[in-house]
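The following note sets out a colleague's comments on the structure shown below. The points are numbered so that each can be taken up separately.

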Amino acid sequence: MKKRALLALLLVMALCMSSCALIVKDKEVDAKTVILKLGDEEITKAEVQGATNSMLYQQYQYYSMLGSDIDLSNPDVIASAQSSAITQLKNEMTLRAKAKELGLDVLTEEDNTKIKERAQSNWDADKSLVQSSYLSEDEKKLEGEELDKAILAQMEKMGLKMEDYEEEAKESIINSKVRDYAIKDVTVSDDEVKADYDSKVAADEEKYKEN
């Protein structure tokens, strides 16, 4: 939710500082410039910038959790976030293309039920966060229907829509189907799991033994 709340601020930053930003007369046309294409799917410059904003805030959130600061206006930081965002978008496009090829993007009634349940759960969680963190003190004193209206109005200002939650849930379920298909014939022994776990623990112990 906080990531979405700072989206507008980060978007301005990315538009101004992003290494792929260009000075153009028609910003609307520029935003529709195709950056990535796979099959019949296209990703525009505006979508790349939006993904970059999200990546920037993930970094901000991580550093805040550690009690550190990160300069989100630093061109190197933005360029790194943009590169990571593009890689992520490519991966997502590949998953969607594979899902379509395998027919895994066709949803069952059970899938649609899960999508609605997951979307509603995330929506309700964000409503609670908006109520506690984004309403004015006077709005927080409201009750019942009036309080709900104030929360929904604030969510609308923040660009939060139920259809976006449903789309996220849909993509998550389809991606899970693709992953399940990819590993359906893969078997791993307990010894292999333990060996892999132990190697990761040893690597982390070595990395952080002096910190």
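**Aromatic pairs, helix packing and overall fold**

1. The structure holds 2 aromatic pairs. The model is a predicted one, and the values in this note should be read accordingly.

2. One of the pairs is formed by Tyr-62 and Tyr-63, in an edge-to-face arrangement with 5.8 Å from centre to centre and 90° between the planes. Tyr-62 has a relative accessible area of 47% and is therefore partly exposed, since this class lies between 20% and 50%. Tyr-63, at 32% relative accessibility, is likewise counted as partly exposed.

3. Trp-123 and Tyr-165 also form an edge-to-face aromatic pair, with ring centres 5.2 Å apart and planes at 85°. Trp-123 belongs to helix 6 (residues 109-133) and Tyr-165 to helix 9 (residues 162-182), so this pair ties together parts that are 42 residues apart in sequence. What is the relative accessible area of Tyr-165? The value is 3%, and Tyr-165 is buried. Trp-123 counts as buried as well, because its relative accessibility of 12% is under the 20% limit.

4. A lysine lies over an aromatic ring elsewhere in the model: Lys-184 is placed over the face of Tyr-181, at 5.1 Å from the ring centre.

5. Lys-127 deserves a separate comment. This residue is located in helix 6. Is Lys-127 buried or exposed? With a relative accessibility of 16%, Lys-127 counts as buried, because the limit for that class is under 20%. Leaving aside residues up to four places away in sequence, Lys-127 touches Asp-148, Ile-151, Leu-152 and Met-155.

6. The packing of helix 4 (residues 45-65) against helix 5 (residues 75-102) can be described in some detail. The two pack at an angle of about 115°, and their axes are 8 Å apart. The crossing of helix 4 past helix 5 is right-handed. On the side of helix 4, the contact involves Glu-47, Val-48, Ala-51, Thr-52, Met-55, Leu-56 and Gln-59. Helix 5 contributes Val-77, Ile-78, Ala-81, Gln-82, Ser-84, Ala-85, Ile-86, Gln-88 and Leu-89. Sorted by class, the contact between helix 4 and helix 5 has 10 nonpolar, 5 polar and 1 charged residues.

7. As to the chain as a whole, there are 10 helices and 2 strands. Read from the N terminus, the elements follow the order α-α-α-β-β-α-α-α-α-α-α-α. Of the 211 residues in the protein chain, 24% are buried.

8. A last point concerns contacts along the sequence. Which share of the contacts between residues at least 6 apart in sequence joins residues at least 24 apart? In the protein chain this share is 70%.

Definitions and conventions
Residues are numbered from 1 along each chain as its sequence is written. This is a predicted model: local features need pLDDT of at least 70, side-chain atom pairs count only at pLDDT 80 or more; totals for chains, interfaces and linings use all residues. Side-chain values use heavy atoms; hydrogens and water are left out. Axes are lines fitted to C-alpha atoms, for helices over the stretch in contact, and angles run from 0 to 180 degrees between N-to-C directions. Helices (H or I, at least four residues) and strands (E, at least two) are DSSP runs, numbered from the N terminus. A crossing is left-handed if the near helix is turned anticlockwise from the far one by less than a right angle, and right-handed if clockwise. Contact means heavy atoms within 4.5 Å. Ala, Val, Leu, Ile, Met, Phe, Trp, Tyr, Cys and Pro count as nonpolar, Asp, Glu, Lys and Arg as charged, and the others, Gly among them, as polar. Rings of Phe, Tyr and Trp (its six-membered ring) pair if their centres lie within 6.5 Å; planes under 30 degrees apart count as stacked, over 60 as edge-to-face and the rest as tilted. Buried means under 20% relative accessible area, exposed over 50%, partly exposed in between (1.4 Å probe, protein chains only). A charge sits over a ring if NZ of Lys or CZ of Arg is within 6 Å of the ring centre and within 35 degrees of the ring normal.
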